[in-house]
Amino acid sequence: MSDLPDGRDGPPLVLVVGAASRDLTGDDPRGWRLGGAATYASLSLARLGLRVRALIGVDAAAAEARELGVLMAAGVEVARAPLANGPVFENIELPGGRRQRCLSVADRIDPATLPPGWHDSDALLLGPVAGELPPAWASIPASFVALGWQGLLRRLEAGADVERVAPVPGPLLAAADLVGVSGDDVDRSVRLSELVDLIRPGATLVVTRGDRGGTELVSRRPARSTLRAYPAIPSNDVVDPTGAGDVFLATLLAATIDSDRLGVRDPAGRLAFAAAAGSLAVERPGIDGVPTIDAIRRRVADVA
């Protein structure tokens with residue numbers, strides 16, 4: 001059963017919003033690859049067969065990126081929100097986790113930049129990467145709202161390492177039905193109970209932990225929240241972990257709002273489906289790792 005009300009024909013229509021980041025790399029002739037939650041999430045949703053509109057904030061270089069063509073070839077209807085300054089990161093993978101250096105911060109994306117006719121969607125996925133989505137995005141109508149929380153948990157200064165900020169309540173968080181965050185984006189001293197207390201009653205929080213699986217919590221405030229741990233699905237190889245959490249969240253959103261068509265009707269099955277997508281996403285560089293629905297189903301079957 002889908003978590004959306006009946007009445008619209010065809011697969012759900014999802015609006016994805018966020019800035020595209022440029023992530024430095026030595027194995028691309030441009031010196032960077034296009035990333036960002038909105039980039040990974042919109043491609044993931046399209047490859048799962050959902051209808052997707054993506055408003056993507058881009059600086060001058062990102063506006064011409066080949067990756068946007070990949071999104072459009074997959075069926076994503078892309079609108080560019082021009083940014084004088086877009087997010088640029090250097091990601092340094094270390095044994096103890098990722099160190100991320102900010103080379104450029106992002107301008108904000110105003111809801112007024114939404115194209116005409118784009119205010120009517122079944123679901124909204126808010127994918128900030130650098131705090132670029134102002135609170136007004138919480139008022140955009142949608143039957144179901146997903147939020148990539150990590151983009152609100154960073155302190156950015158050009159030329160400095162990215163620092164964590166403490167999670168706090170806010171309009172975007174209050175609007176979300178599904179919230180995803182990596183355990184790496186939250187200080188280890190913060191308890192799961194503190195995180196789930198920040199989301200609205202009835203909403204779901206998923207804390208991912210890479211190859212250690214993760215935890216899904218449903219807020220039942222003022223009663224005790226429900227908790228479900230899920231195991232990781234192993235990857236064949238880890239080439240590039242960037243974007244795996246965004247792919248996971250987008251896939252979980254799709255499995256939630258389009259469960260009948262995707263054939264994942266129970267909570268454990270939805271989490272396994274999303275975990276399989278995340279495990280595939282790291283096996284190739286950049287958005288080349290975003291899996292097809294057939295690849296996800298094969299991965300789920302391999303570990304069943």
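This is a predicted model: local features need pLDDT of at least 70, side-chain atom pairs count only at pLDDT 80 or more; totals for chains, interfaces and linings use all residues.
I take helices (H or I, at least four residues) and strands (E, at least two) as DSSP runs, numbered from the N terminus. Residues are numbered from 1 along each chain as its sequence is written, and side-chain values use heavy atoms, with hydrogens and water left out.

Entry on Leu-71. I located Leu-71 in helix 2, which spans residues 66-73. I found Leu-71 buried (under 20% relative accessible area, with exposed over 50% and partly exposed in between, for a 1.4 Å probe and protein chains only), its own value being 0%. Setting aside residues up to four places away in sequence, I listed its contacts (heavy atoms within 4.5 Å) as Thr-39, Ser-42, Leu-43, Ile-56, Val-76, Val-78 and Ile-287. I also noted 8.1 Å between the C-alpha atoms of Leu-71 and Ala-46, which lie 25 residues apart along the chain.

Entry on helix 1. I looked at helix 1 (residues 37-47) next and found ten of its eleven residues buried, so the rest of the structure largely encloses it. Among the buried ones are Thr-39, Ser-42, Leu-43 and Ala-46, and the buried residues pack against elements including helix 2, strand 4 (51-58) and helix 5 (244-257). Just after helix 1, I saw that Gly-49 takes a positive phi of about 95°.

Entry on the sheet. Counting strands as paired if DSSP finds at least two bridges between them, I read an open sheet of five strands in the order 3-2-6-7-11, with mixed pairing. Strand 3 (32-35) and strand 11 (160-161) are its edges, each pairing on one side only.
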